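Work through the exercises below with the sequence and the model open. Each task is followed by a solution in steps.

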Amino acid sequence: MSVTVLRGAGADVREDGVPRHAEIGTLELESGFRLPEVRIAYETWGVLAPDGSNAVLVEHALTGDTHVAAGRARPGAPEAQRRAAESGGWWDGLVGPGAAIDTDRYFVVCANIVGGCYGSTGPSTPAPAEVDPERRPWGSRFPLVTVRDSVHAEAALADALGIDAWRLVVGGSMGGARALEWAVTYPERVRACAVVAACAQSSAEQLAWGQAQNLAIRQDPDFRGGDYYDGPFPLTGLGLARRIAHITYRSADELHHRFGRTPQAEEQVIGTRPGERGRYQIESYLDHQASKLAGRFDANSYLAVNETLMSHDVCRGRGTLEEALSVTSCEWLVAAVDSDRLYLPRESDVLAAALPGDVRRHTLTSPSGHDGFLIEAPQVGKLLVETVLARP
């Protein structure tokens, strides 16, 4: 596989949190499909040690991007690039100078998953000329990319960056699934692995939630089978998918205490007809979450990464869970959020019990449900420092 890293001007100067790309060529997928001209978007923080021993891979969740932490662009960079680099990241407090994942000590990499819409090859990417002479977006033709496929793509990126092994691979939710897959697929390249708010394989209930989200998008009249890029986007369906997902990301107790049955502002929730009444605060909150995602994400990419997560099964083709995990040799952190109702703590117990050696499940205490893995960054950092980052 021929890999080209596109760094841009001034790449010899440290730039933290600045988007970059790597061309990794053709990616051979589990399905047998050969995805050509694959590009991986990524950002880095810190400086890679001469022996490559300080590299940390941070894996984003379902609709996450590469900007895991605030950074800084090189002197003289365009203002827009500087603003983007310095803006807050989705795991600020965990990654950064002096943080648990200290960017003055570690070389941190965060890559956008194949199928996403933050710079990596995905459904909205123009298809290669060999697929479509007119270079229209992949759209409905984009193939299924599994978690395992995404790890193979990241391995090609690691090769391009001169990283033989990761000091740590860490992620929450779908990021945790990718971290786990890394440790099993490339055991010799992972020294430590942290799986947070994730499990060994997507459960029946998680698959059910995933199907409901997919159908919400596919049944939007504007979806047009996935080939909508020359017309209106299926924002209604995408928004509905986000509402469904977001309910699973938060705990029932949090929703009760934050919103209860309170009407939104001056809206009247008792009307003459169901469709004409005002909203409860919880409905307004979900509308807001839907609008935010629709403004930053592509519906086809949502389907693509959701299918990736639904494919997650570290045992596939590897025997029992214990047999699949027996090849690993890294240090482990397995952590669950105590109020998580999407990735249940008992699923993390199953994973920890199946790992070689004596691995126990740790707990993040949070009222927020599944999203606690993002919200409780200080707790995640403390666990990392006490376990997999305890030694140099």
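A polar contact is a pair of N or O atoms within 3.5 Å; within protein, one must be able to donate a hydrogen and the other to accept it, and residues adjacent in sequence count only if both atoms are side-chain atoms. This is a predicted model, in which local features need pLDDT of at least 70 and side-chain atom pairs count only at pLDDT 80 or more, while totals for chains, interfaces and linings use all residues. Residues are numbered from 1 along each chain as its sequence is written, and side-chain values use heavy atoms, with hydrogens and water left out.

**Exercise 1.** Find the bounds of domain 1 and domain 2 and the separation of their centres.

Solution. Step 1: the domain assignment, which is automatic or from a database, gives domain 1 as 20-202 + 314-389 and domain 2 as 206-307. Step 2: taken over C-alpha atoms, the two centres lie 26 Å apart.

**Exercise 2.** Describe the interface between domain 1 and domain 2 by contacts and by buried area.

Solution. Step 1: 29 residues of domain 1 contact 28 residues of domain 2, contact meaning heavy atoms within 4.5 Å. Step 2: the domains bury about 2,300 Å² between them, 56% of it on carbon and sulfur atoms. Buried area is the accessible area (1.4 Å probe) that two parts lose on being put together, summed over both. Step 3: Leu62, Thr63 and Arg341 lose the most area on the domain 1 side, together 27% of what that side buries.

**Exercise 3.** List the polar links between domain 1 and domain 2.

Solution. Step 1: 14 residue pairs, both at pLDDT 80 or more, are in polar contact. Step 2: there is one salt bridge between the domains, that is, a side-chain nitrogen of Lys or Arg within 4 Å of a carboxyl oxygen of Asp or Glu. Step 3: Asp371 and Arg250 form a salt bridge, with their closest N and O atoms 3.3 Å apart.

**Exercise 4.** Which residue forms a salt bridge with Arg14?

Solution. Step 1: the structure holds 30 salt bridges. Step 2: Arg14 pairs with Asp104, the closest N and O atoms being 3.5 Å apart. Step 3: the pair links distant parts of the chain, 90 residues apart.

Conventions: Helix = DSSP H or I, 4+ residues; strand = E, 2+ residues; numbered from the N terminus.
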